[in-house]
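Open your viewer and get ready to click through the chain with me. We will go stop by stop, selecting a few residues each time.

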Amino acid sequence: EFRRVLFRSRAARTLPGAWPEDRIAAAFEAFVPARAARLMALELVMLGIALRFLGGGFREPAPAGFSLHQETFLRAFLPVLPLLLPADLFLVHALFPRMAPWLRWILHFATVYSVLWMVGLYATLRQRPHTVDETSVSLHMGVLGSLTLRRDQILAAAPLPELDRKSTRLN
């Protein structure tokens, strides 16, 4: 079984232009349904990117293009995330003193996992900016979704109206 996964993942590396989660999902589809394979691949990529980001990937410059990481609430929330871990330890022990130890460990693991997931989401938003070229427009929401439109599919484009900061009305 392991050799088949390894072989499938090596074969999937050669897929042109595919995201890492697409290549991993292609390898997993030999063993599980396509939707489950996609979900498992997204989780692996999300955690891998989070660990890479925390291990120094935040120092790398963001790719060219408009990225949603500049506008997301996660940008302001990221520095606070490490404070959730000690707060979780204290609150679980204070609120549920008679809880089974194995259940406490599951709750702590879920907290750490959710913090890593949010860091991974921010990192993927940063890594995959929107891009515009002569032939297409590519819109990305991290690993959660993407859309590529060819030039002939775009009927019209216009800049957003300016926002009047005093009255918060559109001009």
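How many aromatic pairs does a search of the whole structure find? The search finds 2, where rings of Phe, Tyr and Trp (its six-membered ring) pair if their centres lie within 6.5 Å. Before we visit one, a word on the ground rules. This is a predicted model, in which local features need pLDDT of at least 70 and side-chain atom pairs count only at pLDDT 80 or more, while totals for chains, interfaces and linings use all residues. Residues are numbered from 1 along each chain as its sequence is written, and side-chain values use heavy atoms, with hydrogens and water left out.

**Stop 1: an aromatic pair**

Select Phe-53 and Tyr-122. A pair of aromatic rings is described by the distance of the centres and the angle of the planes. Here the rings are 5.8 Å apart, centre to centre, with 70° between the planes, which makes the pair edge-to-face (planes under 30 degrees apart count as stacked, over 60 as edge-to-face and the rest as tilted). Phe-53 belongs to helix H3 (residues 34-54) and Tyr-122 to helix H6 (residues 101-127), so the pair links parts of the chain 69 residues apart; helices (H or I, at least four residues) and strands (E, at least two) are DSSP runs, numbered from the N terminus. Are these two residues buried or exposed? Phe-53 is buried, at 10% relative accessible area, and Tyr-122 is buried too, at 8%. Buried means under 20% relative accessible area, exposed over 50%, and partly exposed in between (1.4 Å probe, protein chains only).

**Stop 2: Arg-128 and its partners**

The side chains of Arg-128 and Glu-21 meet in a salt bridge, 2.8 Å from N to O (a side-chain nitrogen of Lys or Arg within 4 Å of a carboxyl oxygen of Asp or Glu). Arg-128 sits in the loop between H6 and strand S1 (131-132), and Glu-21 in helix H2 (residues 20-28), 107 residues apart. Arg-128 is buried at 5%, and Glu-21 is buried at 2%. Arg-128 also lies over the face of Trp-19, 3.9 Å from the ring centre; for this, NZ of Lys or CZ of Arg must be within 6 Å of the ring centre and within 35 degrees of the ring normal.

**Stop 3: another salt bridge**

Stay with helix H2 and select Asp-22, together with Arg-38 in helix H3. Asp-22 is partly exposed at 29%, as is Arg-38 at 32%.

**Stop 4: a loop residue**

Move on to Arg-151, in the loop between strand S3 (146-150) and strand S4 (163-164). Arg-151 is exposed, with a relative accessible area of 62%. Which residues does Arg-151 contact, leaving aside its neighbours within four places in sequence? Select Glu-134, Thr-135 and Ser-136 to see them; contact means heavy atoms within 4.5 Å. The C-alpha atoms of Arg-151 and Thr-135 are 5.3 Å apart, although 16 residues separate the two along the chain.

**Last stop: the whole chain**

Finally, zoom out and colour by secondary structure. The protein chain has 6 helices and 5 strands, in the order α-α-α-α-α-α-β-β-β-β-β along the sequence. Of its 171 residues, 26% count as buried.
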